[in-house]
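Please look over the predicted model below.

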Amino acid sequence: MLGSVDGRIKQNIWGFKDHHKYFEETAEKIEADAWLVGRVTMEEFSSKNDYSINDDTTDVRYEDYVADQPAKTFAVVIDPCGKCFWDNNMVSTEHVIEVLTEKVPRGYLEHLRSKKVSYIFGGKQELDLELVLEKLKSLFKIETVRIDGGGHVNGSFLKAGLIDEFSLVLAPVADGTIGSPTVFEVEEGYGSRKATQFKIKSVEQIYNDFLWIRYEVIKDGHGDR
């Protein structure tokens with residue numbers, strides 16, 4: 001993630017001319033079989049055309065679908081209700097995989113099949129992210145997933161205890177906007193959840209005043225300092 005010193009996600013008020021490079025050039029250095037984002041982020045890459053779906057024209061079942069495709073790397077989108085539409089099944093050199101629940105209309109599944117976009121089901125009404133990762137491995141041989149946000153997707157994987165490493169490009173800026181998105185958006189209030197602790201894996205100064213910090217997640221309750 002690219003974050004400010006107060007934990008916010010990039011906004012226009014930051015004033016950087018080419019903010020994409022600070023994130024993308026560092027992210028590319030992290031080897032992964034797939035990158036994963038939420039539906040809002042993926043809408044930057046999905047179709048801008050209007051598509052209509054008709055449930056009456058299909059009896060397609062709620063079963064995982066692995067499309068024929070030669071790609072070895074993947075772009076995965078968490079899209080529980082099926083909001084992204086596609087003109088083809090690729091984002092750059094990555095094959096698209098939709099992560100859905102059974103709340104999606106059958107006509108939407110027909111749309112994905114018509115574009116040869118792969119999809120998997122992570123649950124009936126709610127997503128089981130551990131099941132999602134298991135399916136990505138078993139169906140697509142994906143061993144390493146790089147989660148590229150946004151904050152709610154990051155927070156969901158954090159809460160589920162499914163993050164092994166956290167890579168942060170720390171921008172030399174304080175956002176200060178109350179209520180603006182943060183790097184991890186988990187839930188309101190504290191409840192019984194414990195904060196996730198990290199230990200530093202590496203720190204590198206980049207682009208003059210930015211820091212690239214890589215953390216390993218402390219698991220199994222061994223976080224006492």
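In this predicted model, 30 residues line the second largest pocket, and V145, R146, I147, D164 and E165 are the ones nearest its centre. Two or more lining residues come from each of α1, α4, β7, α5 and β8. The most come from β8, which gives five. Sorted by class, this lining holds 17 nonpolar, four polar and nine charged residues. The volume of the second largest pocket is about 690 Å³.

At least two lining residues each are supplied by α1 (19-27), β2, α2 (39-42), β3 and α5. The lining of the largest pocket is made up of 22 nonpolar, 14 polar and 14 charged residues.

Helix α5 contributes to the lining of both pockets. Its buried residues are G151, V153, N154, G155, F157 and L158, and their cover includes β2, α4 and β7 (145-147). After α5 comes G161, with a positive phi near 70°.

In soluble globular proteins, nonpolar side chains tend to be buried together. Here the largest nonpolar core has 24 residues, of which F74, V76, I97, L136, F140 and I142 touch the most other members. At least two core residues come from each of β2 (34-38), β3 (74-78), β5 (94-100), α4 (129-140), α5 (151-159) and β8 (165-170). The largest contribution, four residues, is that of α4. A second, separate core has 21 residues, among them M42, V60, V117 and F121.

Beyond its neighbours within four places in sequence, V76 contacts A34, W35, L36, V37, M42, I97, V99 and L136.

Note on methods
Residues numbered from 1 in each chain as written. Predicted model: local features only at pLDDT ≥ 70, side-chain atom pairs only at ≥ 80, totals over all residues. Heavy atoms only, no water. Core = buried A, V, L, I, M, F, W, Y, C linked by side-chain atoms within 4.5 Å. Buried < 20%, exposed > 50% of the residue type's maximum accessible area, 1.4 Å probe, protein only. Contact = heavy atoms within 4.5 Å. Nonpolar A, V, L, I, M, F, W, Y, C, P; charged D, E, K, R; others polar. 1 Å grid on protein atoms, 1.4 Å probe; cavity = no way out; pocket = protein on both sides within 12 Å on 5 of 7 lines; lining within 4 Å. Points joined across faces, edges and corners; volume = space filled by probe spheres on them.
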